[in-house]
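Dear colleague,

Please find the structure below.

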Amino acid sequence: MNWNTMLLMRQEIVLTIVILVLLLADVFVTKDKKTVNYIAIGLFAIHTLIGFLPLDAGSLFGDSFRTSPLIFGFKNVLNVGVLLIIMQSASWLNSKMLQYQKIGEFYALIFSSLLGMYFMISAGNFLMLYLGLELSTLPVAALAAYDIHSRKSSEAGIKLILSAALSSGVLLFGVSILYAANGSMYFANIHDNLGHSYLTIMGLVMFFSGLAFKISLVPFHFWTADVYEGAPTPVSNYLSVISKASAVFILMFVLFITLRELKDIWTPMLYIVSVLTMFIGNFFALRQQNLKRFLAFSSVAQAGFIMMGMLAANDLAVSTVVYFLAIYIFSNIGAFGVVQAVSIASGKENIDDYNGLYRTNPMMSLAIMIALFSLAGVPPIAGFFGKFFLYTSAASQGYYALVFIAVVNVTISLYYYLLVVRAAFLRNSETPIPYFRSDLLTRIGIIIVMIGLFFLGLYSPFYDYIQEVSKIVGI
Amino acid sequence: MNLSYTVLIPLLPLFMFLFLGFGFKRFKEPYSGWIGTIGMLITALISFYTAFQYFFNYGKVDGVYQKIYAFNTEWIHFSDTLHIDMGVLLDPISAVMLIVVPLISLMVHLYSIGYMHQEPGFTKFFAFLSLFTFSMLGLVLATNLFQIYIFWELVGVSSYLLIGYYFEKPSAVLAAKKAFIVTRFADFGFLVGILMISYYAKTWDFATLTSLDFIHQLSSQVGMFMGFSIITWALIFIFVGGAGKSAMFPLHIWLPDAMEGPTPVSALIHAATMVVAGVFLVGRLFPMFFFFDDGFALQIVAWVGAFSALFAATIAFTQYDIKRVLAFSTMSQIGYMMLALGVSGYEGHEGLGFMASFFHLFTHAMFKALLFLGAGAIIHAVHSNDMNDMGGLRKYMPVTHITFLIAALTISGVPPFAGFWSKDEILAAAFEHNMPVYIIGFVVAGMTAFYMFRLYFRIFWWRDPDYHHAPHEAPKTMTIPLLVLAFMAVFSGFIPFSELVSADGKGFHSHIDWVMAGASVVIGLIGILLAYVFYKRENDLSTRFAYAFGKFYKWTFHKFYIDELYFFVTKKIIFQNISGPFAWFDRHVVDGTMNLIGNKTVWIGEKIKGLQSGKIQDYAMFFISGALFLIMVFWLLLN
């Protein structure tokens, strides 16, 4: 192994350096702690830009670590997502400045978690996957409890760490069963060594449950609402998009390639879970008042749609799911971004509080409307194209019943998304949230998201590129 | 040679729209007007440059004007031949439109700075003008049927916005709605045609659709329906869309009402550019119209055009609102263009009608915009649309008077003004191919001269009413466009159009047949002379004639009761007997079921909330039992 091959890990290396620099900065910057925010965001922006430089495909450490244009591109998508999230966190951290002096920690934790995601989606064997998964989860538990003066935040942290411990135990158990069944940890060696036995099914289901926990699939989703509600908004945002997207990504890889032999088992499994997730997520979202809880269930329901797209289990499925994830990241960040801006300015997080928002804050109302419409899949916003391609993918393999169920669920979801829009635009209130002006970074972040929400859907070369690099299965 | 800069032509106005539209509270009059005008000026310069280069530099290869894809990007891919593209197509007719649309738009922008002075929403108006220009340019530069359809709808939207500009006025709102609904109804036919084309021809691409090899191959493949090729039916459907936008009988009812919009809008949209979109569309697909079923669809185009020309000219005799006279005149002139297309052949001199149609489109855009802008200046001065409130204005408004007279002479086909040359070509083409249509065209030429000079004399001569405050000439921003357009109206007839625009792209020499030209000049002069006798000075000659015609006059005055007919069919028959029962069914049965489902859904949502207890041990239980459940299911399935 020489320097050139090490460069395949360029993104990991740069991010590690960023973390180290940040920890040092936290020590040396003593006067104005707010600077740390800008150092962190600046460094990460540079990291994101470097990420777009071309990179070869290849593998390292005896196939433990792989990279390909698709993996590499997906890391870039994650980077952009994280960048948008931390741009929104700065104002939150500043508003809590007096209580917490160690702002650098916040960023170091988020970046460490992201580093874990990198290793997870680049994993070439189950061990690396597990290590990445742990590295990505543990810092988030600390982040969920970051607001130490809020009991809800502490509760979120505890709930997350306990549930995560359980799920990773189950996942690890599943992995060891799979190892027992075929004698290898390496993805590349497994796929022709698996038979259909009680043992492999058990291994598959347990492995799946572990990742399903991260994706918030029913019935592994219960932690989602409590944690999202309690955790600081940027952290909920991070959990709902970055964490979920990377888990979906690696699940897709493992199922489509490594466990391909068990396709006749996991397709019905995905089918069941997808239907359950869509319905449960939507039904729970219907009656929520707290917006973060509401978005939690909405994100559960979205996961159900993603599973539907995965069912086709071919290249089309990969490209549609990756495309959907990219759009979903933008939509959710947009929605959470507005919720957070409003929450910082007024401390209000309930749907009823948004009554009459349009009159006082037209731009914010417009932004949350576009983000929610994208989540619901209203044309011509990107979310529509994302959902549409998911249907295409499922329908191409003849899952018409499932597509029908999904359409029913979209209708249900439209109802509750519109509740928020109705509150902001149509309802009046005697005490609406007064006009506020959030800080520059937040506004830039929201504007980027809004542009992205139109651009990603209408700019077809973006999808074409994904389709081109998604030829992992070859079907 | 890289032509991708042409994409700027539609994009600049789009940018102006966004720029003015999103920042409109920050821009104050008149700055927004000037910003819009300068943006339009740049667009116009790029367009003229492109058109010039196309005609005289690279457009002609081996003696044939080529269809050049200056820019094309695939947007949505359905199959290798069928995909929605967005692009810029250069060929003779789009190059002609590249002169017409930006020039008129620029003049109207400049004119509006004066005309819209101190109107509320001054900036909004300019934003909408830019939106319209963007849409219209996208339409004429479209590379495929679907792109043209998208922009077709966009011009519909911008037309809606601009007609309804005075949205506090109920009549303006109604007119905007009417225009939108009628054209939308026609566009449904267009869409059906597009879908039929996509199904049978499997492509939307214009270069493919109009290539002779492809047409030949296609005509042997597609089936027949009721004696005609299915493609012919598709073309008829497409023509319905074109007829709607171009206000052809019986879809013309929206155009007179559209005069509720500000006058510059009428000049730009409802006289010079958008309303000729139907002509452009037929011209765009001309080889298909011509070759399928020996041009049966083209026959329809010819007769619809001829009838509309006659019909509208008749109504124009009796109207008193000066803008409505101009509106019916527009309809009549577009009918002329349609009939010219309808009698056209394909190769060489046979394609005279095609060339004449676009020639007339060009000259008509100039003189009709001039007439409208002149009318706008008059309305601006007199504060009324009714010709009974006018008279003797020649003394007060000399520039407007002269330019209006030039335009009236031009439309009446008096040599050497532009309208003479283009109208003469149309009549010559009709004479060669379709005698009845020629006769209609010939009569309409006389009628046109009469009603235009009726308008002219009633406005500028007739009598000297007592104006409360004396009308005054319009400001410079308004008179300069008048002069520019008057220049074009006088001289644009000398452009050797037939060398540039022809159905087969090869160009040919056209020559004047002096006998026929003489005949049409004579009937034009007779029309003018009659108008002189009737309207030069105030008298009751016209009233007596109106009495003599009795019923017929009344019918004409009420536009043959076409509006009332529509109302009868929609309100009395469709709404009452069909929509009524449907509405009942919808409200009681469909809504009832839906409300039930909705209520139950919410009820379920309420009931299952309890499952989420907040206790982590419950969550773990669900987690484990969920996993176990899945394991059990698949264990059972394994056997």
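A residue counts as buried if 20 or more other C-beta atoms lie within 10 Å of its own, as exposed if 12 or fewer do, and as partly exposed in between, with C-beta atoms placed from the backbone. The model is predicted, so local features need pLDDT of at least 70 and side-chain atom pairs count only at pLDDT 80 or more, while totals for chains, interfaces and linings use all residues. Residues are numbered from 1 along each chain as its sequence is written, and chains are lettered from A and ligands numbered from 1 in the order in which they are written.

Two residues of chain B deserve a look for their phi angles. Lys202(B) is not a glycine, yet its phi is positive, near 60°. Lys202(B) lies in the loop between helix H6 (170-200) and helix H7 (206-209) of chain B; helices here are DSSP runs (H or I, at least four residues), numbered from the N terminus. Lys202(B) counts as partly exposed because it has 14 C-beta neighbours inside 10 Å.

Asp293(B), also not a glycine, has a positive phi of about 50°. The loop that holds Asp293(B) runs between helix H13 (286-291) and helix H14 (296-316) of chain B. Asp293(B) has 18 C-beta neighbours inside 10 Å and therefore counts as partly exposed.

There are also cis peptide bonds to examine. In chain A, one joins Pro379(A) and Pro380(A), with omega about 0°. Pro380(A) sits in the loop between helix H16 (362-376) and helix H17 (382-396). In chain B, a cis peptide bond joins Pro415(B) and Pro416(B), with omega about 5°. Pro416(B) belongs to the loop between helix H17 (398-411) and helix H18 (418-433) of chain B.

Yours sincerely
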